[in-house]
Amino acid sequence: MAHDLNTTFTFPNGRTVNRIGYGAMRLTGQPRNFGAYADWQGGIDLLRRARDLGVNHIDTARAYGPHENERLIADALVGDDGRYGGMFIASKGGVEKSATSISRDTTADTMKRHLEDSLASLRTDKIDLYYVHSPDGITPISESVAALEDMRQAGRIDMIGVSNVSRAQVEEALKVAPVAAVQNRFSPADARDGALEEMIDWLNDQGIAFVPHGPLGANPMKQGATVDPGEALRTLLARSPNILVIPGTTTLTHLEDNAAALAA
């Protein structure tokens, strides 16, 4: 039953987050998640309400906007002391976006440059979790992750993640650095993918978080869940204790419903 599920997940370094987080991608200009969010103050209010509800895992990316989503999060959540308090911020690099196109570049130099961009936009000197957003198909994932490991050793990020990857790519990444999280599309609305299901179980055995994007079956370039949100979130959370959900929304009502999914 839902109330019997663990409500938190602890990373190998001891950092604990609530398993229901918030994916901030929708707080950008529409269509195509490009440009600044039209209701900037409304976005600030929503992010602060998420924090008040106990949502402490916020997921973003340099490409969302680009930059604008990270800047909105900073405006909403950076305190008077210049810090995020107990909030856990995850971002990503390696994807370039314009008003009409999306491209990937996960070379070492680009990963480091994108991370520096994210640090500036988020107004912080360290990001909790930084992902390789999506491998570019040319650069070995080990090279991209090694660049992030350089930045982790330099104190610029706390943990490394990889997104839109296969198990083989995760295994390659693990040869050069610890990987704390994997973010792939996964939803009860999607057709079953046996290899992905097996990877989730393997990641759980490794103590690695799995963070499904599109958990409610929505198209990443459009708004609207295709399944009942509460039921979908509870299904995902019951699937494996390493799953952290990050449903996105632009409304306070849906935010509150999502945050309460474990209590249903």
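Here is a short chat about a few neighbouring strands in this predicted model.

Visitor: Is strand β9 largely enclosed or left open by the rest of the structure?
Guide: Start with residues 157-163, the stretch that makes up β9. Buried here means under 20% relative accessible area. Six of the seven residues in β9 are buried, so the strand counts as largely enclosed.

Visitor: Which residue in β9 is the bridge partner of Tyr130?
Guide: Look at strand β8, residues 127-132, which runs parallel to β9 and is joined to it by five bridges. For Tyr130, the partner in β9 is Ile160.

Visitor: And what helix goes with β8 and β9 in a right-handed β-α-β unit?
Guide: The two strands run parallel. Together with residues 141-153 they make a right-handed β-α-β unit, and that helix is α4.

Visitor: On to β10: which residue there is the bridge partner of Gly161?
Guide: Strand β10 covers residues 181-183 and runs parallel to β9, with three bridges joining them. Helix α5, residues 167-174, makes a right-handed β-α-β unit with β9 and β10. Gly161's bridge partner in β10 is Ala181.

Visitor: Back to β8, then: how many of its residues are buried?
Guide: Besides β9, β8 also pairs with strand β5, residues 88-93, which runs parallel to it through four bridges. In that pairing, Ala90 has Leu129 of β8 as its partner. β8 is largely enclosed by the rest of the structure, because its buried count is six of the six.

Methods
Residues numbered from 1 in each chain as written. Predicted model: local features only at pLDDT ≥ 70, side-chain atom pairs only at ≥ 80, totals over all residues. Heavy atoms only, no water. Buried < 20%, exposed > 50% of the residue type's maximum accessible area, 1.4 Å probe, protein only. Pairing = 2+ DSSP bridges. Right-handed = clockwise from strand over helix to strand, strands pointing away.
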